[in-house]
Amino acid sequence: MSAAPNDPTNPEWYEAGLPHIWLPYAQMKTASAPLAAVKTYGTTLELADGRTLTDGVAAWWTACHGYNHPHIRTAVETQLAAMPHIMFGGTVHEPALRLARRLSAMLPGDLERVFFTDSGSVSVEVAMKMAIQYRLNKGQTKRTKMLAFKGGYHGDTLATMAVCDPEEGMHHLYGHALAQHIIAPLPQDEASTAEFYRLLKHHAHEITAIITEPLVQGAGGMLFHTPEVLRTLRKAADEHDMLLILDEIFTGFGRTGTLFACEQAGIVPDIITLSKALTGGNMALAATVARRHVFDAFLSDNPEHALMHGPTFMANPLACACANASLDLFEQEPRLKQVQHIQAVLAETLEPCRALPGVKDVRTLGAIGVVELEKIANPDALRQQFIAQGVWIRPFRSIVYLTPAFTIAEQDLRKLTATIYRVLSEQA
């Protein structure tokens with residue numbers, strides 16, 4: 001790493017442990033040393049050296065209620081005393097069954113069968129397995145491909161990498177080792193829609209499902225599209241007897257302004273994946289939720305028609321207790337109104353960035369604010385500038401973005417946006 005060890009401001013555990021850590025998305029030879037965090041509260045990160053940072057990305061888009069919410073903490077403490085974990089193979093428990101029932105009631109249509117996993121990537125893998133085996137159980141052995149989209153991102157595991165953007169994404173190095181699916185432009189205009197339908201005409205016989213992130217392609221660069229795109233995908237899936245998988249790992253639980261992004265299009269996917277804000281950013285948990293007709297295709301006297309998947313920590317009781325407490329807060333506190341207010345402030349305060357040299361676009365949706373630049377030569381160096389200003393903002397690709405907690409105080413939100421403007425002004 002670029003920062004030297006043995007800094008007297010670092011705690012002993014940092015100096016002793018850092019040489020044994022492999023960090024995510026980082027070239028370990030040149031990356032800046034990570035920050036030593038010791039405490040969180042509200043929307044604040046406290047560092048070992050006494051500095052505090054206002055968090056603008058809510059722990060990778062998860063901490064929708066802010067950090068250390070007392071209701072979630074109490075739920076975890078209570079569950080920890082009763083039963084921290086039990087295998088979900090042959091046994092079940094109240095937190096998981098209550099959560100499954102609540103999710104089924106919240107989701108649109110007949111999305112009613114919940115398969116729990118422990119990460120977003122795995123929830124997408126399970127969705128893909130469901131979609132493929134759905135065909136196999138029906139004797140349709142040739143329909144095993146997915147139709148995914150440029151700009152898309154669905155995870156870092158081997159199967160999910162195969163449905164990410166193969167050219168612009170972070171996984172192009174693995175291209176030769178991945179299963180081959182069909183990647184197309186999203187049908188957003190007349191030309192791309194015509195291309196989409198031409199592709200379906202030639203490949204529908206081998207496609208089992210369409211998969212996309214609704215309204216926002218997150219890690220692809222916070223790329224927005226309209227609800228009409230989702231309606232086009234739903235219509236095409238119905239016309240060609242395909243399943244529609246919506247990856248709401250990022251967009252679910254209020255981030256785009258509605259509880260689930262698909263609500264804005266008035267459609268129901270056949271399978272939906274959820275994670276990130278599911279537990280309010282407190283513990284790892286994900287869910288793959290299927291409609292009734294998908295689940296029914298697995299019911300058989302043939303044991304090979306069962307879904308053969310089962311993570312060891314599937315439906316962990318502590319994580320399910322977190323998620324139930326998080327859903328309580330969505331019911332009891334005005335989260336969606338808070339998101340509306342955040343969107344208004346983001347739109348107002350980020351718009352001046354549009355006039356800065358090198359800024360390509362400014363866009364907002366729900367509690368997402370994006371300043372897209374022509375390029376960012378060194379995202380790591382830019383991040384260090386934000387840290388020096390007392391904020392935690394993590395630029396990537398060509399964007400500087402905010403995905404704050406829904407509970408963020410307006411003064412903290414304005415601090416984040418003002419800092420973005422100030423730092424980018426200095427770059428000009």
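Strands (E, at least two residues) and helices (H or I, at least four) are DSSP runs, numbered from the N terminus. This is a predicted model, where local features need pLDDT of at least 70, side-chain atom pairs count only at pLDDT 80 or more, and totals for chains, interfaces and linings use all residues. Residues are numbered from 1 along each chain as its sequence is written, and side-chain values use heavy atoms, with hydrogens and water left out.

Start with the seven-stranded open sheet, ordered β4-β12-β11-β10-β7-β5-β6 with mixed pairing; two strands pair if DSSP finds at least two bridges between them. At its edges sit β4 (111–117) and β6 (182–184), each pairing on one side only.

Now select residues 94–106: that's helix α4, lying across β4, β11 and β12 and running at about 135° to β4. Angles run from 0 to 180 degrees between N-to-C directions, with axes fitted to C-alpha atoms, for helices over the stretch in contact (contact means heavy atoms within 4.5 Å).

Next, zoom in on β11 and β12, an antiparallel pair with four bridges; Thr273 has Thr288 as its bridge partner in β12.

In the loop between these strands, pick Ser275. Buried or exposed? Ser275 is buried, at 7% relative accessibility (buried means under 20%, exposed over 50%, partly exposed in between; 1.4 Å probe, protein chains only). Beyond its neighbours within four places in sequence, Ser275's contacts include Ser119, Ile249 and Phe253.

Finally, jump to residues 44–47 and 52–55: β2 and β3 run antiparallel, joined by three bridges. Gly50, in the turn of this hairpin, has a positive phi of about 95°.
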